[in-house]
Amino acid sequence: MANQRREAAIVGIHEYPLRVVGPDVSAMHIKVESARKALEDAGLSWKDVDAVYDAGEGGLGGLEIADYFGFRPTVIDTTAVGGSSFEFQAAHAWRAIAAGKAKVALLTYGSTAHSQSRAIGTGGATGQGAPRPQSNMEDPWGLTLIAGYAMVKQRHMFQYHTTNEQFAEISVATRLHATRNPEAVKAMTDLAFVGTGEISIQDVLTSRMIADPLRLLECCMVSDGGGAVVIASRDVARNTKKRPVWIIGSGEATKYPENGGDITVSAGAQSGPIAFAEAGVRPGEIDIAMIYDSFTITVLAILEDMDFCKKGEGGAFVQGGRLKFNSGKKPALNTDGGGLSSNHPGMRGIFLLLEAARQLRGESHSQVPNARLAVATGNGGQLGSRHSTGAIILARD
Amino acid sequence: MTTQRVPRPQPRFPEPDTEPFWKATKDHKLTYQKCNDCNTVVFYPRRHCTKCGSANLAWHTSKGLGAVYTFSVVVQNRNPSFRDLGAYAVGYVDLDEGFRIMTNVVGVKNPSTDVKCGMRVKVKWEDQPGGEISLPLFEPA
Ligand SMILES: [Zn+2]
């Protein structure tokens, strides 16, 4: 029986449409424009916001967010755990609203990662910044971000005999969804993808090797972009313009390298069951799985860790096009086109909440008929080393 | 791995947790810590036991033998220290004493086909410019 507590809901959403913004647009501009439009979407106004959430894109952390926007919030939360920050923040907004500390919470994200030519995936350790114990033990080896995820895929293939063909299913399903989303098609065009149409498993297997065993079509893009989510109390949600999307479960966890640890297990093995238990639903009931697709392995590991299937059986689970929105099986994966084919400005977690909300409102370009339950599971940091996995379970009335 | 022109990113000091580890590498000693109270192996170096919180840790020297836990072969790295290396294997090695270290697996013809999870390896030191530290790489045992 699904959790019937109706304390807080996503009532306003906006995804910044462009993935290449040009030199006169800043990350903060993207955050502000997205905030304005998400509030409009809800039928709320600038002055209604009493709780703000920020992952620090502006650079001044918690001192900047209210200042730049011109808010006077009574709840300020600057949780920054990489790409999953927004799932953590949504959980905190739910709790703040349930405790009566706030009525209208605003989460925003903006990034110009593409325009600044940040070599996110292939830049490797810089040897810059203040030395830390972790950087001193990891910088000398030339570990790129992509190689960090590739190590997880390598071990998964060794331990469970998962195949490249199985991993490719994730790229193929996600691309199908991207081809149906005009903003994703424009993104792939603007970022000069070789092709913007559907891809086959063979296309994935023959794409360029980046960090063995991860190939180009298993890696997310680097784009600009951002968005905003407005989360409101039950009283406020009664009078907003769109159908409320209720938060009914949440889980938060981090994981880090451990002597003797299993690298194929993400922090989702801790946060996922907590979220499902609180929501009172089983993974098999979930219509829409928005799972952070930095790379194919991230999705596969998290599907297993959230108990969509047993650990090690993710390869068989995703086979046969199961994750496509029109497969007739649950769950549909990343129906906006994902980080693989729609956008990835560095911290994709907010887009998981946005598309999950669109599906439960009936507004997706790859709409699953009568979608009632969704999960948004973010992943931040690096899967192969220290990372966060936050899960939010969402339900419509 | 010896033909690179730009040196690799080096550990930097002062950094009190890892400084003893890196000092020992000058003498080609691969060191790790163990908790005197609960016997837990602690690595990367710290000043407390990650299992019980104790500050009562002791340094030990590894025999430098272990197995590849996992790895990736990096084909594309835009960092100038690694850009011109060609494909190289970066991964984790589990030492027989119970700690896991990030490193490079070297001494094979083709890292994509010749390095395997579970493969036995031994430490191979690569002295760094300046002579103050040496990097523990691993090669087939
Ligand atoms: Zn101890």
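What radius of gyration would a compact globule with 397 residues have, and what does chain A have? For 397 residues the globule value would be near 21 Å, and chain A comes to 19 Å, which agrees; the radius is taken over C-alpha atoms, and the rule is 2.2 Å times the number of residues to the power 0.38.

Before I go on, please keep in mind that this is a predicted model, in which local features need pLDDT of at least 70 and side-chain atom pairs count only at pLDDT 80 or more, while totals for chains, interfaces and linings use all residues. Residues are numbered from 1 along each chain as its sequence is written, chains are lettered from A and ligands numbered from 1 in the order in which they are written, and side-chain values use heavy atoms, with hydrogens and water left out.

Staying with chain A, its C-alpha atoms fill a box of roughly 50 × 50 × 45 Å along the principal axes, and 64% of its 397 residues count as buried, buried being under 20% relative accessible area, exposed over 50% and partly exposed in between, with a 1.4 Å probe and protein chains only.

Now to chain B and its metal site. The zinc ion is coordinated by the SG atoms of B:Cys35, B:Cys38, B:Cys49 and B:Cys52 at 2.3 to 2.4 Å, where donors are N, O and S atoms within 2.8 Å of the metal (3.2 Å for Na, K and Ca), and water is not among the atoms, so sites may look incomplete. The angles among the 4 donor atoms run from 104 to 118°, and the site is tetrahedral, a label that requires all angles of four donors to lie between 85 and 135 degrees. In sequence, the spacing of the donor residues is C-x2-C-x10-C-x2-C. B:Cys38 is partly exposed at 31% relative accessible area, and B:Cys52 is likewise partly exposed, at 41%.

Let me finish with the aromatic residues. Over all chains there are 12 aromatic pairs, that is, rings of Phe, Tyr and Trp (its six-membered ring) with centres within 6.5 Å, counted as stacked with planes under 30 degrees apart, edge-to-face over 60 and tilted for the rest. B:Phe21 and B:Phe43 are edge-to-face, because their ring centres are 5.8 Å apart and their planes stand at 70°. B:Phe21 counts as buried at 0% relative accessibility, as does B:Phe43 at 8%. Both belong to one aromatic cluster, together with B:Trp22, B:Tyr32 and B:Phe99.

Terms used
Four donors count as tetrahedral if all angles lie between 85 and 135 degrees; four count as square planar and six as octahedral if opposite donors are over 155 degrees apart and all others between 65 and 115; anything else is irregular.
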